[in-house]
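Hi there,

Here is the structure I promised to pass on to you.

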Amino acid sequence: MPYPRVFTVFLATAICLDYVTPFVAGAACEPIRLPMCSTMPWNMTKMPNHLHHSTQANAILASEQFEGLLDTKCSPDLRFFLCAMYAPICTLDFQHEPIKPCKSVCERARAGCEPVLIEYKHTWPESLACEELPVYDRGVCISPEAIVPNEGAEHTPEFPIDPINGNCRGPSDGQCKCKPIKPTQRTYVQRNYNYVIRAKVKEVRSKCHDTTAVVEVIAILKSSLVNIPRDIVTLYSNSGCLCPPLNVTEEYIIMGYEDKERSRLLLLEGTIAEKWKDQLEKKVKRWNKKISNQQSKSKPGHSDPAQKSSKNNPRQAHH
């Protein structure tokens, strides 16, 4: 069943998740490439998924076994449930693990489709067991009925291709509304950006629903998964709106995410682009140093110098 692609998910804990806002715990969010999930109301995921597939390529191969079952239309919830397992929604609000589908979604899918499996001498897969999934009113989970349009949007409009210039007919730039995010230390730590660069914007390109920014990298303040050259690079968005917005010829400090599989730098809603200031660059360097120090202290084998001093000086330890 089709769902509106502009949406807010209302979870059991009354938390709202905005569309395409990524979450990160190491690797960044990445656009969904599973064919069976192209109609889902989210378009960003993160590996490994709930079935421990480390890449989307592995997830695609494993999910192909359900193509025949989907064709039977045994349950309107089957596709949603499978996609929530194989390509879970990616959001900044849950950085440690992907959100699971609700137990009720699994039970509805199994109730409709298990009889078909039994008819062909198969059983419901143990890897998709419903028993361990969260209950809607006692945990965080996702279900079709929890998805409603955002701010009265009833559907995502179709923007037909203009046969003359190949561009989409769609909303003007004036209709793009980007929520500004201030570059504070708290935000920087919580959102765990993969890359931070100082860059000058050379060009902003829009074609159909895809918008990209071509920038010249002046300095690399942080990189995690992708080798960033001090050269001309492209920043990839996943919508017709460039959020955060960038102006050509301006210099920015850009904090964003990386797509390791495609070696791409992503510029998504939820990332930061602030006009470059020397003071902000120094702040980022301080934040990186502080995070690095905290991480080194938490590594196994690290001991407090004061504790070492006490061990080496028995008299001091007794005082």
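The term disulfide here means a pair of cysteine sulfur atoms within 2.5 Å. The S-S torsion of Cys106 and Cys130 is about -75°, so this link is left-handed. Because Cys106 sits in helix H4 and Cys130 in the loop between H4 and S6, the pair ties together parts 24 residues apart in sequence. Helices (H or I, at least four residues) and strands (E, at least two) are DSSP runs, numbered from the N terminus. Cys106 and Cys130 are each buried, where buried means under 20% relative accessible area, exposed over 50%, and partly exposed in between (1.4 Å probe, protein chains only).

A word on the source: this is a predicted model, where local features need pLDDT of at least 70, side-chain atom pairs count only at pLDDT 80 or more, and totals for chains, interfaces and linings use all residues. Residues are numbered from 1 along each chain as its sequence is written, and side-chain values use heavy atoms, with hydrogens and water left out.

In total, the structure holds four disulfides. Another one joins Cys102 to Cys141, at 2.0 Å from S to S. Its torsion about the S-S bond is about 85°, so the Cys102 and Cys141 disulfide is right-handed. Both Cys102 and Cys141 are buried.

Cys74 is joined to Cys113 as well (S to S 1.9 Å). Cys74 is in the loop between helix H2 (67-71) and helix H3 (78-86), while Cys113 is in helix H4 (residues 103-119), 39 residues apart.

Best wishes
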